[in-house]
Amino acid sequence: MPELAARTTESVASSARGPEAHRPGATLAVTSAATALTLTNYTAPMLTLPSMTRAFGTPASAQAWLLNGTPLGLAVLLLVAGSLADDHGRRRVFLLGTLALGLTTALGGFAGSTLTFTLARVAQGAASAAVLAASLGLLAHAYPAGADRIRATGVWGAFVSAGIALGPLLAAGLSSLADWRLTYEVLAAGTLLAAALGTRTLAESRAPRAGRPDIAGALTLGLALAAALTALTLGRDGWLRVPVGALGVAAVLLTAVFVVVERRSRTPMIDLSLFRRPAFRAATAGALFTGLAVIGFFSVLPALLQRGAGLSPLTTAWLFLLWSGTAFVVALQTRRLAGRISATYQLALGFALSTAGVLGLFGTLEGGSIVRLLPGLVVAGAGSGLLNAALPRLAVDSVPQERAAMGSGANNTARYIGSSAGVALALALSTTGADTALVVSAVLGVAGAAVTLWAGAASPTRRAGSGR
């Protein structure tokens, strides 16, 4: 009876909001646009990193912070944001997130030092967490199941690729007109516009359960992830140093405390029993290795091309667009795979293609011909498109309908933990040669395919869209 009453209340509230409750297309458009802007903000520093480090006087040992600030905020707060969105309103969390992202991005454009820019990027990551977690929750509510959901999550995943593509290109273009700061002011304006559109088009939805926020779980998880990612970033200067070891131990202990807290909570931030579901395990493993193998390497690829091949920022941006643009096109076309291949196998295929493409770049990043770069970027882009389309689909299909935002938060948490580790690893390895980082990315891609297939092996249903 309480659940029935809650569902009835939600239905009445949604109906009272007017016609926007029956506009799934508008929901898809606004959430996809905001997601693209979020990822544009995420990737913009890839091209502005050299100019920022000169402006700030950033030493080589601290450059990883300029890239890892946003994934740190994302990883720490994604699961928290997903839980809050389900319990207290996905529309509310989405709008707060877009507003905060616009404001913090504007502040980042005025930063005067490595520290202030990094802090702004961490705040942008926290705001981005609200946008990404709530947007998939809103989509799951607008598209309850079936082919329409597969199409919608495929479009959303394509706009992830679009945002990744736009960031470096926008940064290169605007930096040539003024300086790197203009990029962040333009992104801030676009994000605030998305927030304004969201107030007029999105309907509220929430999970049919009552309860207080899981403050203890949020605190322990946030501290655990912050300790782990800080250790990964500091480890570039030496993995055997005392601060790195202490942070690593703290991360392990805090994670154990988090597990205990979640098992005892009546309204946990994440239901740990979900890990018994093969589809949820496959989604989480796939997201983690996407961050490690794909996002980590391609986050530093523009800097490697500028430094090793001597390419201009604009040329580098166009090459990066070839990779991410291919991912966009492929993600849009994945709806044609519905009923033919499960999301788990789509992830494995994505890892395989990404690995093949990365290996195709071998020997081209340090003075190689631009023409030799093209096939590898296209193949790797196709793999990324398959990954970007399959991950959101599994994220919402592998959890109960009412916990869609939590599923999104858990999936993206794994993705950005992986990306933070991947960026730190790729930057550290690139000091010994770009091809070293490339080979490790390929090895991690193979591991991602194997682990994803293993995690989802017991899935009772192999048909696309099932996930349970």
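## Salt bridges

A salt bridge is here a side-chain nitrogen of Lys or Arg lying within 4 Å of a carboxyl oxygen of Asp or Glu. By that criterion R149 forms a salt bridge with D397, their closest N and O atoms being 2.7 Å apart in this predicted model.

The structure holds 2 salt bridges. In another pairing, the side chains of R90 and D86 meet at 2.9 Å, N to O, and both R90 and D86 are buried.

## Fold and overall dimensions

The protein has 16 helices and 0 strands. Its radius of gyration is 21 Å, close to the 23 Å that the globule rule gives for 468 residues, so the protein is as compact as a globular protein of that length. Taken along the principal axes, the C-alpha atoms fill a box of roughly 65 × 45 × 45 Å.

## Packing, surface and charge

Of the 468 residues, 57% count as buried, and among contacts between residues at least 6 apart in sequence, 85% join residues at least 24 apart. The accessible surface comes to about 17,600 Å², of which 69% belongs to carbon and sulfur atoms. As for charge, the protein carries 34 positive and 17 negative charges, and the mean positions of these two sets are 4 Å apart.

Definitions and conventions. Residues are numbered from 1 along each chain as its sequence is written. This is a predicted model: local features need pLDDT of at least 70, side-chain atom pairs count only at pLDDT 80 or more; totals for chains, interfaces and linings use all residues. Side-chain values use heavy atoms; hydrogens and water are left out. Helices (H or I, at least four residues) and strands (E, at least two) are DSSP runs, numbered from the N terminus. The radius of gyration is taken over C-alpha atoms; the globule rule is 2.2 Å times the number of residues to the power 0.38. Buried means under 20% relative accessible area, exposed over 50%, partly exposed in between (1.4 Å probe, protein chains only). Contact means heavy atoms within 4.5 Å. Accessible areas come from the Shrake-Rupley method with a 1.4 Å probe; for residues, only the protein chains shown count as cover. Lys and Arg count as positive and Asp and Glu as negative; His and the chain ends are not counted. The place of a charge is taken as NZ of Lys, CZ of Arg, CG of Asp or CD of Glu.
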